[in-house]
Amino acid sequence: MRTEKSEEREPDGTARRRKWIRRVPAGVVGVAAVSLIALTVSPVNAEPDGRAKPPRGRNPLPAPPQIRDLDFLLGSYTCEYTPPPGGTAAVLKLTTRRALGGHYFYTDATLEPGNVVGRSAFGWNPVDGKFINQYHDNWGSSGNYTSSGWKDGHLIFKGPLTQVITPNATGQTSGVKLDLMDDYQVLGRGHFKNSTSFTFPDGSTLQGSYDCRRQ
């Protein structure tokens with residue numbers, strides 16, 4: 001039952017969060033995804049390498065051993081999504097494969113309801129000694145996350161996410177900038193959980209989780 005007090009106008013931030021919960025699926029694993037920027041860089045004063053080149057199609061540099069810590073993601077999964085209060089339950093389909101000679105894992109995902117199609121690119125940053133997860137989707141959302149690796153059974157990625165609220169074909173729409181945390185736990189062979197947390201600019205948070213089983 002509404003009262004006079006309940007009809008007072010909500011603060012803008014509260015109204016926006018409610019709209020986001022109601023209309024936007026809460027992220028895609030590593031659900032976490034990303035805006036990919038390709039840069040071609042030539043080292044200063046570097047000279048061309050005149051030595052014989054390896055045959056086309058072969059990667060002369062093997063994948064880093066650290067990437068094996070992400071093997072639990074490989075394959076096709078169906079994930080049941082438990083949303084934050086006020087959200088909508090959803091089903092996430094994931095398929096992860098090796099890419100670029102095993103240096104990266106590409107995860108293609110679909111989330112229903114919402115018709116969200118996204119891709120995550122997981123890899124190892126050998127300079128900073130961290131895992132990376134770069135995300136983007138067909139709504140125009142993008143994210144960029146890092147992880148220091150497994151600790152006490154948890155693999156935690158953190159980073160900024162720009163989440164589109166209302167998809168729009170004009171290329172201009174509203175959205176919100178969040179801090180995302182993905183907390184992965186392997187529960188068994190072909191079974192993992194990802195607990196997600198979204199932090200808004202005002203410091204408030206929303207939490208949900210994905211229970212994923214290999215098909």
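Predicted model: local features only at pLDDT ≥ 70, side-chain atom pairs only at ≥ 80, totals over all residues.
## The chain as a whole

The protein chain has 1 helix and 11 strands. Read along the sequence, the pattern is α-β-β-β-β-β-β-β-β-β-β-β. The chain has 215 residues, and 39% of them count as buried. Its accessible surface comes to about 13,100 Å², with 51% of that belonging to carbon and sulfur atoms.

## Aromatic pairs

How many aromatic pairs does a search of the whole structure find? The search finds 9. In one of them, the rings of Trp124 and Phe131 have their centres 4.8 Å apart. Their planes stand at 70 degrees, and because an angle over 60 degrees counts as edge-to-face, this pair is given that name. Both residues are buried: Trp124 has a relative accessible area of 17%, and Phe131 has one of 2%.

Phe157 and Tyr184 form another edge-to-face pair, at 6.1 Å centre to centre and with 85 degrees between the planes. Phe157 lies in strand 8 (residues 154–164) and Tyr184 in strand 9 (residues 175–188), so the pair ties together parts of the chain that are 27 residues apart in sequence. The relative accessible area of Phe157 is 0%, which makes this residue buried. Tyr184 also counts as buried, at 1%.

Phe157 and Tyr184 both belong to one aromatic cluster, whose other members are Phe72, Tyr77, Phe122, Trp150 and Phe192. In soluble globular proteins, nonpolar side chains tend to be buried together.

Which residues does Phe192 contact, leaving aside its neighbours within four places in sequence? Among them are the cluster members Phe72, Tyr77 and Tyr184. The list also includes Leu73, Leu94, Gln185, Val186 and Leu187. Tyr210, Asp211 and Cys212 are in contact with Phe192 as well.

A search of the whole structure finds 1 disulfide. It is formed by Cys79 and Cys212, with their sulfur atoms 2.1 Å apart. The angle about the S-S bond is 115 degrees, and the link is right-handed.

At 17% relative accessibility, Ser209 counts as buried. Leaving aside neighbours within four places in sequence, the contacts of Ser209 include Glu80, Tyr81 and Thr82. The residues from Lys193 to Thr196, namely Lys193, Asn194, Ser195 and Thr196, are also in contact with Ser209.

## Backbone exceptions in loops

Most residues other than glycine have a negative phi, and most peptide bonds are trans. Where does this chain depart from that pattern? A cis peptide bond joins Glu112 and Pro113, with omega about 0 degrees. Pro113 is in the loop between strand 3 (104–112) and strand 4 (116–125).

Leu100 is not a glycine, yet has a positive phi of about 55 degrees. This residue lies in the loop between strand 2 (90–99) and strand 3, and at 53% relative accessibility Leu100 counts as exposed. Asp152 likewise has a positive phi, near 55 degrees. The loop that holds Asp152 runs between strand 7 (150–151) and strand 8. Asp152 is exposed, with a relative accessible area of 70%.

Terms used: Residues numbered from 1 in each chain as written. Heavy atoms only, no water. Phe/Tyr/Trp six-rings, centres within 6.5 Å; stacked < 30°, edge-to-face > 60°. Buried < 20%, exposed > 50% of the residue type's maximum accessible area, 1.4 Å probe, protein only. Helix = DSSP H or I, 4+ residues; strand = E, 2+ residues; numbered from the N terminus. Contact = heavy atoms within 4.5 Å. Areas by Shrake-Rupley, 256 points an atom, 1.4 Å probe, with all protein chains shown as cover. Disulfide = S-S within 2.5 Å.
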